[in-house]
Amino acid sequence: MLNSNQISFQESRQILTLAVPIVIAQLSQTAMGFVDTLMAARYSTEDLAAVALGSGIWLPVMLSLSGVLMAITPMVAQQVGTERLRRTRSIFNQGVLVSVIASIVAWLLLRNMTPVLELMDVSGSLKQKTINYLEALSWGLPGMMIYQTCRSYCEGFGKTKPLMKIGIFALLCNIPLNWLLIYGNFGFPELGGEGCGWATTIVMWVMALLSIIYLKKSHHFSKLKLINSPRLKLKLFSNLLRIGIPIGFTLFIEVSMFTAIALLIARLGDTVIAAHQITLSFTGIVFMIPLSISMALTIRVGQLLGQSNSQGANTTANTGFAIVCCTAVTSCTMMSLLSTQITGLYSEQQDIIQLASSLLLIAAIFQIPDGIQVAAIGILRGHKDTETPLLLVFISYWLIGL
């Protein structure tokens with residue numbers, strides 16, 4: 001049973017040691033979306049709208065498929081807790097097979113989104129720019145699936161700093177690539193919003209290659225000889241899907257509510273779409289903090305359960321809730337007091353700033369309950385319980401929220 005007497009300052013250091021690199025890695029990855037939004041907005045309102053609509057389509061696809069691969073983390077963490085490291089190699093290999101399937105699904109989906117845009121009443125040049133953006137991104141998602149497999153595996157061991165470094169490097173690559181491909185500098189083609197898609201694709205493959213190199217060259221992982229031809233082990237493969245598919249559906253349900261809102265406002269014009277995208281972009285950045293703490297809780301709880309230390313796992317859960325509440329109060333206060341200044345970073349148009357500021361004030365309200373729920377989900381995943389969060393999220397988001 002959870003109670004405040006089981007909050008440990010020593011355990012908080014353990015959680016933050018895991019969480020801080022994840023936060024930086026997550027912020028680096030989310031900042032790429034911020035950079036895309038900012039640079040597309042400076043190019044034209046229509047290109048920003050194309051990136052916004054495209055993001056509302058490809059992010060649910062990417063997050064849902066990546067969610068399946070997140071099952072690797074608690075599975076590996078419990079094996080690490082029992083010090084059966086060789087068994088983690090089989091988990092990694094099944095993850096590679098799942099990532100191949102996910103890559104094919106993602107590529108096909110993003111290249112066949114014209115009916116969705118027509119359903120949204122998107123037409124003319126905005127429709128074409130959105131299609132071009134999605135088709136460019138389709139070539140990058142296989143790289144992202146490979147990266148997510150490697151990342152989930154490393155996080156199961158509690159190795160979060162290398163992923164942080166890869167995330168920072170990816171962001172540093174994304175900025176100049178956007179500058180070259182959106183605006184056509186140094187003789188590169190001037191692609192506008194489509195350039196964001198190609199820049200992101202290149203960066204996704206850079207992240208995949210760097211994560212593979214790390215697993216192959218790292219002293220910690222090289223002895224496990226992970227990089228080889230994976231063979232299907234049906235029982236383990238099925239177990240990974242049993243844990244991972246509910247995670248994927250959970251993420252899809254969470255994101256789909258916001259995507260549904262984007263679909264509903266698509267016909268209201270570029271200004272409304274742009275304001276909505278600005279709000280989602282910034283709140284997405286802020287959300288990376290509780291999400292990263294949640295991921296650290298999954299790792300820590302999984303490892304403690306692998307050691308048969310249920311009391312320690314309970315203390316970790318209580319401490320994690322306390323940390324999340326502190327960060328949520330801080331973000332809520334910041335968004336409430338600085339809404340106009342924040343939205344002004346994205347656009348100079350007063351009508352967009354005014355509308356986005358109003359939306360940001362609303363977003364500030366749900367920081368605390370959102371942080372608590374994502375922490376709870378992380379704890380349950382550490383127990384390899386992914387079906388309960390799926391049920392609760394389904395009721396909350398689709399039956400009530402939507």
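**Figure 1. The largest cavity.** The largest cavity in this predicted model has a volume of about 110 Å³. A cavity here is a set of points, on a 1 Å grid over the protein atoms alone, where a 1.4 Å probe fits but cannot get out. Grid points are joined across faces, edges and corners, and the volume is the space filled by probe spheres set on the points. Searching the whole structure turns up 2 cavities of 30 Å³ or more. Lining residues, meaning those with an atom within 4 Å of a point, are Met-70, Thr-73, Pro-74, Gln-148, Ser-152, Glu-155, Ser-294, Met-295, Thr-298, Gly-378 and Arg-381 for the largest cavity. Two or more of these residues come from each of α3 (72-81), α7 (141-156), α12 (270-306) and α16 (367-382). Helices are DSSP runs (H or I, at least four residues), numbered from the N terminus. By class, the lining splits into 3 nonpolar, 6 polar and 2 charged residues.

A quick note on the model: it is predicted, so local features need pLDDT of at least 70 and side-chain atom pairs count only at pLDDT 80 or more, while totals for chains, interfaces and linings use all residues. Residues are numbered from 1 along each chain as its sequence is written, and side-chain values use heavy atoms, with hydrogens and water left out.

**Figure 2. The second largest cavity.** This one has a volume of about 50 Å³. Around it sit Val-286, Ile-289, Pro-290, Val-324, Thr-327, Ala-328, Ser-331 and Gln-367 as lining residues. Helices α12 and α13 (310-337) are the elements that give two or more residues to this lining. The largest share, 4 residues, belongs to α13. Sorted by class, the lining of the second largest cavity holds 5 nonpolar and 3 polar residues, with no charged ones.

**Figure 3. Helix α2 and its kink.** Helix α2 (residues 45-69) runs for 25 residues and reaches 35 Å from its first C-alpha to its last, close to the 36 Å expected at 1.5 Å a residue. That expected span is 1.5 Å times one less than the number of residues. Where does α2 kink? The kink is centred on Ser-55 and comes to about 30°, taking the bend at a residue as the angle between axes fitted to the seven residues ending there and the seven starting there. Buried means under 20% relative accessible area, exposed over 50% and partly exposed in between (1.4 Å probe, protein chains only).

**Figure 4. The second largest pocket.** Helix α2 turns up again here, since α2, α4 (86-110) and α11 (234-265) each supply at least two lining residues of the second largest pocket. A pocket is an open set of points with protein on both sides within 12 Å along at least five of seven lines. Its volume is about 430 Å³. Of the 22 lining residues, Pro-60, Val-61, Ser-64, Leu-65 and Phe-252 lie nearest its centre. Helix α11 gives the most to this lining, with 10 residues. The lining has 17 nonpolar and 5 polar residues, and no charged ones.

**Figure 5. Aromatic pairs.** The count comes to 10 aromatic pairs. Rings of Phe, Tyr and Trp (its six-membered ring) pair if their centres lie within 6.5 Å; planes under 30 degrees apart are stacked, over 60 edge-to-face and the rest tilted. Trp-179 and Phe-186 make an edge-to-face pair, 5.7 Å centre to centre with 65° between the planes. Trp-179 is partly exposed at 39% relative accessibility, whereas Phe-186 is exposed at 71%. Phe-394 and Trp-398 also pair edge-to-face, at 5.7 Å centre to centre and 70° between the planes. These two are 4 residues apart in helix α17 (residues 387-401), so about one helical turn separates Phe-394 and Trp-398. Phe-394 is partly exposed at 31% relative accessibility, and Trp-398 is partly exposed at 31%. Elsewhere, Phe-92, Tyr-153, Phe-157, Tyr-214 and Phe-221 form one aromatic cluster.

**Figure 6. Two loop residues with positive phi.** Most residues other than glycine have a negative phi. Phe-186, though, has phi near 55°, and it belongs to the loop between α8 (161-183) and α9 (193-217). Lys-384 has a positive phi as well, near 60°. Its place is in the loop between α16 and α17, and Lys-384 is partly exposed at 29% relative accessibility.

Methods: Nonpolar A, V, L, I, M, F, W, Y, C, P; charged D, E, K, R; others polar.
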